[in-house]
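I set out to record what I looked up in one structure, entry by entry.

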Amino acid sequence: MKELRCPKCGSVFQVDEADYASILSQVKNTEFEAEIERRLKEMEARQQAELLLKSTQARQEFESRMNKKNLELSAKETEISRLKSDMQVMLAKLNGEKDQEIIRLKNQLENISTQKDAERQLALAEKDKAISRLKADMELERYKAQVETEELNKRHLLELQSKQEQIDYYKELKTRMSTKMVGETLEIHCSTLFNQFLRPMMPYAYFEKDNEVADGTKGDFIFRDSVDGLEYLSIMFEMKNEMDTTTTKHKNEDFFKKLDEDRRKKGCEYAVLVSLLEPDSELYNGGIVDVSHRYEKMYVIRPQFFIPLITLLVQTSKKSLEYRKQLILAQSKEVDVTNFENKLEDFKARFGRHYELASRKFGEAIKQIDDTIAKLQKVKESLMGSENNFRLANKDTEDLTIRKLTYMNPTMKQKFEEARK
């Protein structure tokens, strides 16, 4: 049994456990509700005060910013007014300078125009003088050209007369000789020319009849010459002529193939056909005829070009003599060069093998590094995923509140409210 005392009369009375618990619960609930109501009023008053303070601060800050902007706008308007006035002054100055420059340019243009007119007049006068001078020079050149033309005509007439005399000589010679005598006479003529004009200049040159028969054929003459034991030129000659009364007329090209074969059999560099065949041909009468497009290094000439052709070939071949000497020297060193090249090739092969092995190992190392990088990349991605999960967990923790925990849970809400009291 519990004893209770009345606060008014002071009398004491007893109650059982159940009544006591009921009275105590009523007293606690009344006080708890009164405390909650008091705290809610305090929180509401505090929130209203904070909202009022924040509103006042925001209004003051907004008014401060507006005042600052107004001051800046005023300064900008003042600056714009100043710039406008400066611009007007500058435009006025520029307009004045522009007018002065226009006047100056007009005056300069007038001066230039006057100067150009004077120069034009002077140039016209110079042009007239130059034209007169050119006309005089033209007349002089025309006179010189006329004189040279007359001299050339005279020279050509003399040459034609000389050739005609030579042709007449050969025709007369042919009429007085047999066919065999005609051919032999051309060979003797060429041999005489060589001994008369070239033998004094080339005393050791070989120029003899080709008496050695190879495969049933031979040429007429062979020319060879050398310097310091090195042959630099060799020519196979064939002389062809026939009587004017011969029924079957031969052509020069009928002998090209045989001459080329003779040249190759005797190891000569050039082949030359000295011919009086086709006497009316402008091609062969014009000078030295190159037929190398048909047979390599072959020429057809008239007897009067026998000496000039040999002289030309000698001069041309001597120019290449130095290159031949260098070639022989290079060939003598070919053995050393070959040994050097073999050693170089052996070094290249061994270096290639070593390089291949090193490259293979290097590739394997690179592959292992790539595999390691791939694994580390996967670990990095896993760690990045874990970091993201930690961030989400942290965010969930920060968002956790009593209100969210007790939402739709009156029992827990009541427990927390009791704990606050």
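**Entry 1. Basis.** I note that this is a predicted model, in which local features need pLDDT of at least 70 and side-chain atom pairs count only at pLDDT 80 or more, while totals for chains, interfaces and linings use all residues. Residues are numbered from 1 along each chain as its sequence is written, and side-chain values use heavy atoms, with hydrogens and water left out.

**Entry 2. Whole chain.** I looked up the secondary structure and found nine helices and eight strands. Helices (H or I, at least four residues) and strands (E, at least two) are DSSP runs, numbered from the N terminus. Of the 421 residues, 18% count as buried; buried means under 20% relative accessible area, exposed over 50%, and partly exposed in between (1.4 Å probe, protein chains only). The accessible surface of the chain is about 33100 Å², and carbon and sulfur atoms hold 57% of that area. These areas come from the Shrake-Rupley method with a 1.4 Å probe; for residues, only the protein chains shown count as cover. I also looked up contacts (heavy atoms within 4.5 Å). Among those between residues at least 6 apart in sequence, 57% join residues at least 24 apart.

**Entry 3. The sheet.** I traced an open, mixed sheet of six strands in the order β3-β4-β5-β6-β8-β7. β3 (206-209) and β7 (289-290) are at the edges; each has a single partner strand, so one side of each lacks a neighbour in the sheet. Two strands count as paired if DSSP finds at least two bridges between them.

I then listed the pairings:
- β3 and β4 are antiparallel over four bridges, and E208 has I222 in β4 as its bridge partner.
- β4 and β5 run antiparallel, joined by seven bridges, and V227 stands opposite L230 in β5.
- β5 and β6 are parallel over six bridges, and M236 has A271 in β6 as its bridge partner.
- β6 (residues 270-275) and β8 (residues 298-301) are parallel over four bridges, and V274 has I301 in β8 as its bridge partner.

**Entry 4. Cover of the sheet.** Which helices did I find against the sheet? Helix α3 (residues 256-265) packs on the sheet and touches β5 (230-240), β6 and β8, its direction making about 150° with that of β5. Helix α5 (residues 306-319) lies across β3, β4 (221-227), β5, β6 and β8, at about 160° to β5. For these angles, axes are lines fitted to C-alpha atoms, for helices over the stretch in contact, and the angles run from 0 to 180 degrees between N-to-C directions.

I next asked why β6 counts as largely enclosed by the rest of the structure. Six of its six residues are buried, which is the reason. Y270, V272 and V274 are buried on one side of β6, and A271, L273 and S275 on the other. In a regular strand the side chains alternate between the two faces of the sheet.

**Entry 5. Positive phi.** Most residues other than glycine have a negative phi. I looked up two residues with positive values. D228 is in the turn of the β4-β5 hairpin, which has two residues between its strands, and has a phi of about 55°; D228 is exposed at 71% relative accessible area. E278 has a phi of about 50° and is found in the loop between β6 and α4 (282-285). E278 is partly exposed at 24%.

**Entry 6. Salt bridges.** My search of the whole structure gave 20 salt bridges, each a side-chain nitrogen of Lys or Arg within 4 Å of a carboxyl oxygen of Asp or Glu.
- R120 and D117 meet at 2.6 Å, N to O; both lie in helix α1, three residues apart, about one turn of the helix. R120 is partly exposed at 46%, as is D117 at 36%.
- K240 and E238 have their closest N and O atoms 3.4 Å apart, and E238 is buried at 3%. A salt-bridge network links E238, K240, K258 and D262.
- R264 and E296 meet at 3.8 Å, N to O. This pair links distant parts of the chain, with R264 in helix α3 and E296 in the loop between β7 and β8, 32 residues apart. E296 is partly exposed at 43%.

**Entry 7. Surface patch.** I found a nonpolar patch of about 410 Å² made by M87, M90, L91 and L94. Patches are made of residues with over 30% relative accessible area and no salt bridge, with like charges joined within 9 Å and nonpolar side chains (Val, Leu, Ile, Met, Phe, Trp, Tyr) within 5 Å. L94 lies in helix α1 (residues 17-175) and is partly exposed at 44%.
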